[in-house]
Amino acid sequence: MKRSLLGRIWPNAMGILLSIAFVFPVYWMFATAFKKTTDIVAETPVWFPTNPTMQHFKTAVDADNFWTFVRNSFTVTILAVVFSLIIALAASFALARMRFKGRRGFIIGFMMAQMAPWEVMVIAIYFIVRDADMLNSLVPLTLFYMVMILPFTLLTLRGFVAAVPKELEESAMVDGCTRRQAFVKVILPLLAPGLMATSMFGFITAWNELPMVLVLNKEVEYQTLPLWLSGFQTTFGNDWGATMAASTLFAIPILILFVFLQRKAVSGLTDGAVKG
């Protein structure tokens, strides 16, 4: 009886400790963003904002070119996610439903591309973009983000497509639907969890990417929020409140996306990993 009780308590206690370890830095970032400067630099830690202030957020928002960075980040991230979903959706059908020579090697190649660190290609990509006279532009940045998240998107959606019985599509076509109508009305709704999971992963990956924009876009009007955030401390000295407020603003879109897509995204990641 004691051994059984201990076996239940120990995993739960470890889960709680790990949750605290992961959540606390996020909480401290949010709490510091609302604290007064005197509370932030106090020798005794102030665990909760006693008199919350929005001044740090005002300092962050009033920083030079803040809204330009916001617009650029949303532009390249959303376009990269949409383009990768469109390409991966078509390619996943070919990989899941068709049998052709070189199919296995093609899949292995995408898996290797997913595992490879993209940072090793920064120099090569810089020379390609420079020779094409496309430095300081959002176009190559969007294309790079699309290619960066495409392997994961394709492999995950392939698992979902393989799990959908062909008979569903054939039955819809027998009932009078065209192949396109059968796809839109029958297949696409079943792929919704996979689309949500891959879109969330792609958004987070592209939203947080820094090295490529640092190399390709030297002009401020073509830079994104990660680069703005990386230089925030240098710009404002040791203003930790403004720095934490800027980090909070940077994290809010991801948190909102996660709240809305959490349930579907988690099921999509697990289902796409084991099917097909």
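Buried residues, defined as those with under 20% relative accessible area (1.4 Å probe, protein chains only), make up 39% of the 276 residues in the protein. The structure is a predicted model, in which local features need pLDDT of at least 70, side-chain atom pairs count only at pLDDT 80 or more, and totals for chains, interfaces and linings use all residues. Residues are numbered from 1 along each chain as its sequence is written, and side-chain values use heavy atoms, with hydrogens and water left out.

The protein contains 14 helices and zero strands. Helices are DSSP runs (H or I, at least four residues), as are strands (E, at least two), and they are numbered from the N terminus. Of the contacts (heavy atoms within 4.5 Å) with a separation of 6 or more, 74% are accounted for by residues 24 or more positions apart.

Helix α6 spans residues 122-131, and Val122, Ile125 and Val129 are buried in it. Viewed down the axis of α6, its buried residues fall within an arc of 65°, so they line one face of the helix; the arc is that of the directions from the helix axis to the C-beta atoms. These buried residues pack against α7 (138-163) and α11 (211-216). The face turned away from the buried side carries Ile123, Ile128 and Asp131, which are exposed, that is, over 50% in relative accessible area. Just after α6, Asp133 adopts a positive phi of about 60°.

Two packed helices are described by the angle between their axes and the distance between the axes. Axes are lines fitted to C-alpha atoms, for helices over the stretch in contact, and angles run from 0 to 180 degrees between N-to-C directions. Helix α4 (residues 66-97) packs with α7 at an angle of about 35°, their axes lying 6 Å apart. The crossing of α4 and α7 is right-handed, meaning that the near helix is turned clockwise from the far one by less than a right angle. The contact of α4 with α7 comprises 23 nonpolar, six polar and two charged residues. In this classification, Ala, Val, Leu, Ile, Met, Phe, Trp, Tyr, Cys and Pro count as nonpolar, Asp, Glu, Lys and Arg as charged, and the others, Gly among them, as polar.

The axes of α8 (residues 166-174) and α9 (residues 179-190) come within 9 Å and cross at roughly 140°. The contact involves Leu168, Glu169, Ala172 and Met173 of α8, together with Arg179, Ala182, Val186, Ile187 and Leu190 of α9. By class, seven residues of this contact are nonpolar, none is polar and two are charged.
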